[in-house]
Amino acid sequence: MKKITLLAAAAVMTFAMCGQKKADVDRSLILINKAFRDDNTYVIVCRGFPREGVEGIQAGETAKEAALLNAQIIARESFNESVDVVALGTVEKYELKSDHAVVEYVIRAPGLKRSLKRE
């Protein structure tokens, strides 16, 4: 079961990475906020943009996938290797805008704050 979950996550990440190939998207536009809610809960709010050439529902779904991938990448960069940000993370909400999606991604683990990388 764990292998299936990892394969599915890898497929989603690969698909979402294709949607992030827009050269004109400034990386500073991706991250909206990241902060600890408490010592065990970390919240990342970020944007994702749709794949080029898609419209309608597909644009919204690819933007959501890109936002999720962006949040997971930011989380991986924020914590040491002992934290599995995919397994411990959940999407609290998505918000679709006219040209992008916003995700609120929450990671929960006992003593999570101790695992934060020092910047």
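1. **Surface.** The protein chain exposes about 7,500 Å², and carbon and sulfur atoms supply 55% of that area. Accessible areas come from the Shrake-Rupley method with a 1.4 Å probe; for residues, only the protein chains shown count as cover.

2. **Basis.** This is a predicted model: local features need pLDDT of at least 70, side-chain atom pairs count only at pLDDT 80 or more, and totals for chains, interfaces and linings use all residues. Residues are numbered from 1 along each chain as its sequence is written, and side-chain values use heavy atoms, with hydrogens and water left out.

3. **Layout.** The protein chain has three helices and four strands. Their order from the N terminus is α-β-β-α-α-β-β. Helices (H or I, at least four residues) and strands (E, at least two) are DSSP runs, numbered from the N terminus.

4. The protein chain has 119 residues, and 37% of them count as buried. Buried means under 20% relative accessible area, exposed over 50%, and partly exposed in between (1.4 Å probe, protein chains only). Take the contacts with a separation of 6 or more: residues 24 or more positions apart account for 62% of them. Contact means heavy atoms within 4.5 Å.

5. **Strand β4.** Seven of the eight residues of β4 are buried. Strand β2 (residues 41-48) pairs with β4 in the antiparallel sense over eight bridges. Here Cys46 stands opposite Val103 in β4. β3 also pairs with β4 in the antiparallel sense, over seven bridges. In that pairing Gly89 stands opposite Ile107 in β4. Two strands pair if DSSP finds at least two bridges between them.

6. **His100.** A hairpin of four residues joins β3 to β4. His100 lies in this loop, between β3 (89-96) and β4 (101-108). His100 counts as buried because its relative accessibility is 14%. Its side chain makes a polar contact with the side chain of Asp99 (2.7 Å). A polar contact is a pair of N or O atoms within 3.5 Å; within protein, one must be able to donate a hydrogen and the other to accept it, and residues adjacent in sequence count only if both atoms are side-chain atoms. Leaving aside neighbours within four places in sequence, His100 is in contact with Arg47, Gly48, Phe49, Pro50, Ala63 and Glu95.

7. **Ala59.** Ala59 sits in helix α2 (residues 56-78). Ala59 is buried because its relative accessible area is 16%. Not counting residues up to four places away in sequence, Ala59 touches Pro50 and Val54. Ala59 and His100 are 41 residues apart in sequence, and 8.4 Å apart in space, C-alpha to C-alpha.
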